[in-house]
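Let's take a walk through this structure together, beginning with a single pair of side chains and then stepping back to see how the chains meet.

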There are 2 protein chains.
Amino acid sequence: MIADVYIELKEGVADPEGEATLKALRLLGFKRVKKVSTVKVFRIDIEARSREEAEREIAEMCEKLLANPVIQKYSIVWRE
Amino acid sequence: MIADVYIELKEGVADPEGEATLKALRLLGFKRVKKVSTVKVFRIDIEARSREEAEREIAEMCEKLLANPVIQKYSIVWRE
């Protein structure tokens, strides 16, 4: 089964990559862009007996490796 | 209006970040992970009269800045 794991910054945390992208877009003439933020997605193909079991395992992956819990939050969206 | 712009690698293009993440997860004991791929998402807040107009503009942003058309493809998902 395949899950998309979204890693995004928590509210209030600065997103320098998003800000730099916004500046670059405006310099290129895209004046109507108001805000850009960045999100990282890990598409994970995992073998498990159930989604619940896989979600527990993915939560552990996020806590141990994929996300920095101080500044990031994660969410899981199943693709198949 | 807010769009999520997904930038992913085209079929057949190597994803070293995904491969390194897979290796690290396996080293940590997550043996049931079969594959990891990475996707970049730009969440763009844009002012436009219609979604069609905004999508044309976002397509131009992808071609000029956000994506590398040689190795990446993009897709747009509206959030609001």
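A salt bridge here is a side-chain nitrogen of Lys or Arg within 4 Å of a carboxyl oxygen of Asp or Glu. With that in hand, and keeping in mind that this is a predicted model, look for B:Glu17 and A:Lys40, whose side chains meet in a salt bridge with an N to O distance of 2.9 Å. B:Glu17 sits in helix α1 of chain B and A:Lys40 in strand β2 of chain A, so this pair joins two chains.

Over all chains, a search of the whole structure finds 20 salt bridges, and across the interface of chain B and chain A the rule finds 12. Another one to look up is B:Lys34 with A:Glu47, where the closest N and O atoms are 4.0 Å apart. Polar contacts can be counted too: between chain B and chain A there are 19 residue pairs in polar contact, both residues being at pLDDT 80 or more.

Which elements of chain B give two or more residues to the side that touches chain A? They are β1 (2–9), α1 (16–27), β2 (33–46) and α2 (51–66) of chain B. Of these, β2(B) gives the most, with 14 residues.

Now follow β2(B) across to its partner. Strand β2 (residues 33–46) of chain A pairs with β2(B) in the antiparallel sense, over 13 bridges. Within this pairing, A:Val41 stands opposite B:Val39.

How much area do the chains bury between them? The size of an interface is often given as the accessible area lost when the parts come together. For chain B and chain A the value is about 3,300 Å², with 57% of it on carbon and sulfur atoms. Three residues, B:Phe30, B:Arg32 and B:Arg43, supply 22% of the area that chain B buries against chain A, more than any other three residues. The contact itself takes 32 residues from chain B and 32 residues from chain A.

Finally, consider the symmetry. Two copies of a chain are related by a rotation about an axis and a shift along it. The same surface serves both copies, as 100% of the contact residues of chain B recur in chain A.

Key: Residues are numbered from 1 along each chain as its sequence is written. Chains are lettered from A and ligands numbered from 1 in the order in which they are written. This is a predicted model: local features need pLDDT of at least 70, side-chain atom pairs count only at pLDDT 80 or more; totals for chains, interfaces and linings use all residues. Side-chain values use heavy atoms; hydrogens and water are left out. Contact means heavy atoms within 4.5 Å. Buried area is the accessible area (1.4 Å probe) that two parts lose on being put together, summed over both. A polar contact is a pair of N or O atoms within 3.5 Å; within protein, one must be able to donate a hydrogen and the other to accept it, and residues adjacent in sequence count only if both atoms are side-chain atoms. Helices (H or I, at least four residues) and strands (E, at least two) are DSSP runs, numbered from the N terminus. Two strands pair if DSSP finds at least two bridges between them.
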